[in-house]
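Biologist: Could we go through this model together? I would like to begin with the aromatic residues.

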Amino acid sequence: MRDDRTPIRLSAEQLVAAADDLGALLADVVDGGSSLGFLAPLGPTAAADWWRGLAPAVAEGRLAVWAARDAERVTGTVSVGFVDKPNGRHRAEILKLMVHGSARGQGLARTLLATAEQVAAEAGVTLLVLDTETGSPAESLYRSGGWTAAGVIPDYAADPAGVLHPTTLFFKKVVGSGAPRPDDPARQYRSAAR
């Protein structure tokens with residue numbers, strides 16, 4: 001990856017090569033208390049293994065992953081999960097938006113989110129969805145970014161300490177490129193992965 005904060009889209013090979021750095025980021029964010037589906041303590045080796053496990057989905061184009069870095073480390077990442085059902089190819093899910101503790105407050109989360117939204121729209125996606133812990137700093141980011149809260153589910157997910165918290169579901173309508181998503185899912189994933 002380049003040595004700057006511009007997010008780059010990772011191929012499956014780049015994801016595997018960056019898995020240790022991505023794992024260190026994930027461990028940092030979980031240790032900081034963010035609810036990302038993991039319980040503490042999450043060691044960097046287990047976190048890196050989780051990232052490596054995503055390589056097949058990236059290779060197939062079902063998942064797109066971006067990473068940003070500074071001179072020392074991966075500072076942030078975001079992913080987009082594309083829907084493979086014929087009646088859902090117009091939508092995608094924003095997944096695992098995270099920023100290293102040392103890089104927070106500098107606009108990186110907003111940059112990562114805007115990058116994911118733009119590329120999804122260019123791939124023909126017209127509806128994005130996500131969920132986040134209710135009351136978290138991420139919730140403020142999504143609200144200020146034009147996302148609409150669809151509702152709150154109580155006790156939806158545990159934080160890294162195992163305490164259950166409510167989750168807010170969000171959606172955002174995006175303007176696609178006007179090109180319809182291909183009918184062939186394999187072709188759709190390959191084109192979306194580029």
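**Aromatic pairs, pocket and helix packing**

Modeller: This is a predicted model. In it, ring pairs join F38, W50 and W51 into a cluster.

Biologist: How many aromatic pairs does the structure hold?

Modeller: There are four aromatic pairs in the structure. In one of them, F38 and W50 have ring centres 5.3 Å apart and planes at 90 degrees, so this pair is edge-to-face.

Biologist: Where in the chain do F38 and W50 sit?

Modeller: F38 lies in the loop between α2 and α3, while W50 belongs to helix α3. They are 12 residues apart, and the pair links distant parts of the chain.

Biologist: Is F38 buried or exposed? And what about W50?

Modeller: F38 has a relative accessibility of 14%, and therefore counts as buried, the cut-off being under 20%. W50 has a relative accessible area of 27% and is partly exposed.

Biologist: What is the geometry of the pair of Y142 and F170?

Modeller: Y142 and F170 form a tilted pair, with 5.9 Å from centre to centre and 55 degrees between the planes. Y142 is in helix α6 and F170 in strand β7 (residues 164-173), 28 residues apart, so this pair too links distant parts of the chain. Y142 and F170 are both buried.

Biologist: Changing topic: how much space lies in the largest pocket?

Modeller: The largest pocket holds about 940 Å³ of space. It is lined by 37 residues, and those closest to its centre are S34, L36, L97, T132 and A138.

Biologist: Which elements give two or more residues to that lining?

Modeller: They are β4 (91-99), α5 (108-122), β5 (127-133), α6 (137-144) and β6 (148-158). The most comes from β4, which gives seven residues.

Biologist: How does the lining of the largest pocket divide into nonpolar, polar and charged residues?

Modeller: The lining of the largest pocket has 20 nonpolar, 11 polar and six charged residues.

Biologist: Now helix α2, please. What span should its 13 residues have?

Modeller: Helix α2 (residues 19-31) should span 18 Å at 1.5 Å a residue. Its end C-alpha atoms are 18 Å apart, which agrees.

Biologist: Which residues of α2 are buried, and what do they pack against?

Modeller: The buried residues of α2 are A19, L22, G23, L25, L26, A27, V29 and V30. They pack against β1 (8-10), α1 (12-17), α3 (44-52), β2 (63-69), β3 (74-82) and β4.

Biologist: One more residue: where is K173, and is K173 buried or exposed?

Modeller: K173 is in strand β7. Its relative accessibility is 61%, so K173 counts as exposed.

Biologist: Which residues does K173 touch?

Modeller: Leaving aside residues up to four places away in sequence, K173 touches T126 and L127.

Biologist: Finally, what is the secondary structure of the chain?

Modeller: The chain has seven helices and seven strands. From the N terminus on, their order is β-α-α-α-α-β-β-β-α-β-α-β-β-α.

Biologist: And how much of the chain counts as buried?

Modeller: Of its 194 residues, 44% count as buried. As for contacts between residues at least 6 apart in sequence, 62% join residues at least 24 apart.

Conventions
Residues are numbered from 1 along each chain as its sequence is written. This is a predicted model: local features need pLDDT of at least 70, side-chain atom pairs count only at pLDDT 80 or more; totals for chains, interfaces and linings use all residues. Side-chain values use heavy atoms; hydrogens and water are left out. On a 1 Å grid over the protein atoms alone, a cavity is a set of points where a 1.4 Å probe fits but cannot get out, and a pocket is an open set with protein on both sides within 12 Å along at least five of seven lines; lining residues have an atom within 4 Å of a point. Grid points are joined across faces, edges and corners, and a volume is the space filled by probe spheres set on the points. Helices (H or I, at least four residues) and strands (E, at least two) are DSSP runs, numbered from the N terminus. Ala, Val, Leu, Ile, Met, Phe, Trp, Tyr, Cys and Pro count as nonpolar, Asp, Glu, Lys and Arg as charged, and the others, Gly among them, as polar. The expected span of a helix is 1.5 Å times one less than its number of residues. Buried means under 20% relative accessible area, exposed over 50%, partly exposed in between (1.4 Å probe, protein chains only). Contact means heavy atoms within 4.5 Å. Rings of Phe, Tyr and Trp (its six-membered ring) pair if their centres lie within 6.5 Å; planes under 30 degrees apart count as stacked, over 60 as edge-to-face and the rest as tilted.
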